[in-house]
Structure formats: C-alpha cells, structure tokens
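Q: I have a chain open here and want to talk it through. Can we start with the overall picture and then go residue by residue?

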Amino acid sequence: MGNEFKLNVNSDLENLTSIADFITSSTRELGLSEKGVFQLQLAVDEVASNIILHGYTHQTGPIHLTIWKENDKIIIQIQDRGEPFNPLEADEPDLQAPLEERSPGGLGIHFLKTVTDSVHYQFKDGKNILTLIKTLD
C-alpha cells in the first residue's frame with residue numbers, strides 16, 4: 001500500500017488546524033496538485049467540523065484520519081464514533097433558494113461531491129466511516 005498517513009485527534013474545534021495541516025502535508029507528499037490539496041483540505045475541514053458539532057453532541061470523542069494512495073488515487077478515510085450519520089443521504093442544497101430559506105448544512109455535502117471523484121459512507125462496529133477518493137490531476 002506504500003505510504004500511509006494517520007492522525008488521531010479529539011473532536012474539538014481547536015484540532016481543525018492540526019487536521020488541515022495533516023491533510024496538506026500528506027496529500028502534497030502523495031503528489032497531489034496545490035489545487036487538489038486545497039480542495040481536500042476544505043472538504044475534510046467540512047467533514048471534521050460536522051463531526052465535532054453534530055456527531056458528538058454531548059461529549060467529545062476520537063476522530064481518526066487515514067490517507068493513502070492506490071495507483072493514481074488518493075484515499076482519505078475519516079472515522080468517528082459519533083451519532084450514525086450518512087452525509088450522502090442529506091438533502092441536496094437548493095442552490096436557487098435564498099440563503100435564509102436553505103436548510104443548514106447541505107452545502108458541505110454538495111461541495112464534497114464536487115471536489116472528490118467519489119464519496120462512500122458506512123456505519124460499522126459503532127463507527128461512522130467516510131471515505132473520500134480523489135484522482136491525481
């Protein structure tokens with residue numbers, strides 16, 4: 001499998017910087033373009049923020065990130081033990097609706113699908129597992 005990068009942090013907003021730095025350094029090392037690095041950093045920040053704010057509502061818990069490369073694809077897996085939540089089943093945002101009428105969130109999922117080639121979700125052994133796949137450009 002080659003290089004594999006791992007980061008384990010507690011679900012605290014203060015750790016979003018560590019997560020962003022981790023995504024930046026590891027995806028760069030795996031050969032992703034600066035644009036791709038920036039997109040994945042934003043995408044993972046969105047996911048991590050949602051886990052911190054919504055997944056662990058009354059307590060904190062671990063967030064595990066693993067990044068590796070398979071052929072020409074970078075794979076990022078994000079795991080948490082928060083409330084089961086499949087972001088892919090969230091409503092698509094109505095981009096035509098005025099901001100105040102849009103449901104909160106939603107844009108993040110739309111954004112995830114836009115900047116990655118595929119997103120997979122599973123809930124297994126009490127864990128949310130979200131996998132983002134992006135092809136090297």
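**Overall fold**

A: Among contacts between residues at least 6 apart in sequence, 64% join residues at least 24 apart. One caution at the start: this is a predicted model.

Q: What does the secondary structure come to?
A: The protein chain has three helices and five strands.

Q: What pattern do they follow along the sequence?
A: Reading along the chain gives β-α-α-β-β-α-β-β.

Q: How much of the chain is buried?
A: Buried residues account for 45% of the 137 residues.

Q: And what is the accessible surface?
A: About 7700 Å² for the protein chain. Carbon and sulfur atoms hold 50% of that.

**The helix pair**

Q: Let's move to helix 1 and helix 2. At what angle do they pack?
A: First the general point: two packed helices are described by the angle between their axes and the distance between the axes. Here helix 1 covers residues 16-29 and helix 2 covers residues 34-55. Their angle is about 150°, and the axes lie 9 Å apart. Angles over 145 degrees count as roughly antiparallel, so helix 1 is roughly antiparallel to helix 2.

Q: Is the crossing of helix 1 and helix 2 right-handed or left-handed?
A: The crossing of these two helices is right-handed.

Q: Which residues meet there?
A: From helix 1, Leu16, Ile19, Ala20, Ile23, Thr24, Thr27 and Arg28 take part. On the helix 2 side they meet Glu34, Val37, Leu40, Gln41, Val44, Asp45, Ala48, Ser49 and Ile52.

Q: How do the residues of that contact divide?
A: Nine are nonpolar, four are polar and three are charged.

**The loop between helix 1 and helix 2**

Q: What about Leu30, where does it lie?
A: Leu30 is in the loop between helix 1 and helix 2.

Q: Buried or exposed?
A: Leu30 counts as buried, because its relative accessibility is 6% and the cut-off for buried is under 20%.

Q: What does Leu30 touch?
A: Leaving out residues up to four places away in sequence, Leu30 touches Asn3, Phe5, Ile67, Trp68, Lys69, Ile74 and Leu136.

Q: Back towards the start of the chain. Where is Ser11?
A: Ser11 lies in the loop between strand 1 (4-10) and helix 1. Ser11 is buried, at 4% relative accessible area.

Q: Which residues is Ser11 in contact with?
A: Setting aside neighbours within four places in sequence, the partners are Ile52, Tyr56, Gln59, Thr60, Gly61 and Ile63.

Q: How far apart are Leu53 and Ser11?
A: Their C-alpha atoms are 8.6 Å apart in space, and the two are 42 residues apart in sequence. Leu53 is in helix 2. Leu53 counts as partly exposed, at 47% relative accessibility.

**Gln39**

Q: Another one in helix 2: Gln39. Buried or exposed?
A: Gln39 is buried, with a relative accessible area of 17%.

Q: What does Gln39 touch?
A: Not counting residues up to four places away in sequence, Gln39 touches Phe111, Val115 and Lys134. Gln39 and Phe111 are 72 residues apart along the chain, and their C-alpha atoms are separated by 9.2 Å.

Q: Where does Ser118 sit?
A: Ser118 is in strand 4. Ser118 is partly exposed, with 22% relative accessible area.

Q: What does Ser118 touch?
A: Thr131, Leu132 and Ile133, again not counting residues up to four places away in sequence. Ser118 and Ile133 are 15 residues apart in sequence, yet 5.3 Å apart from C-alpha to C-alpha.

Q: Now backbone angles. What is phi of Asn71?
A: Phi of Asn71 is near 55°, a positive value in a residue other than glycine. Most residues other than glycine have a negative phi. Asn71 lies in the loop between strand 2 (62-70) and strand 3 (73-80). Asn71 is exposed, at 74% relative accessible area.

Q: And what is phi of Asp125?
A: About 50°, a positive phi, although Asp125 is not a glycine. Asp125 is in the loop between strand 4 (118-124) and strand 5 (127-135). Asp125 counts as exposed, at 63% relative accessibility.

Definitions and conventions. Residues are numbered from 1 along each chain as its sequence is written. This is a predicted model: local features need pLDDT of at least 70, side-chain atom pairs count only at pLDDT 80 or more; totals for chains, interfaces and linings use all residues. Side-chain values use heavy atoms; hydrogens and water are left out. Axes are lines fitted to C-alpha atoms, for helices over the stretch in contact, and angles run from 0 to 180 degrees between N-to-C directions. Helices (H or I, at least four residues) and strands (E, at least two) are DSSP runs, numbered from the N terminus. Angles under 35 degrees count as roughly parallel, over 145 as roughly antiparallel, 65 to 115 as roughly perpendicular and the rest as oblique. A crossing is left-handed if the near helix is turned anticlockwise from the far one by less than a right angle, and right-handed if clockwise. Contact means heavy atoms within 4.5 Å. Ala, Val, Leu, Ile, Met, Phe, Trp, Tyr, Cys and Pro count as nonpolar, Asp, Glu, Lys and Arg as charged, and the others, Gly among them, as polar. Buried means under 20% relative accessible area, exposed over 50%, partly exposed in between (1.4 Å probe, protein chains only). Accessible areas come from the Shrake-Rupley method with a 1.4 Å probe; for residues, only the protein chains shown count as cover.
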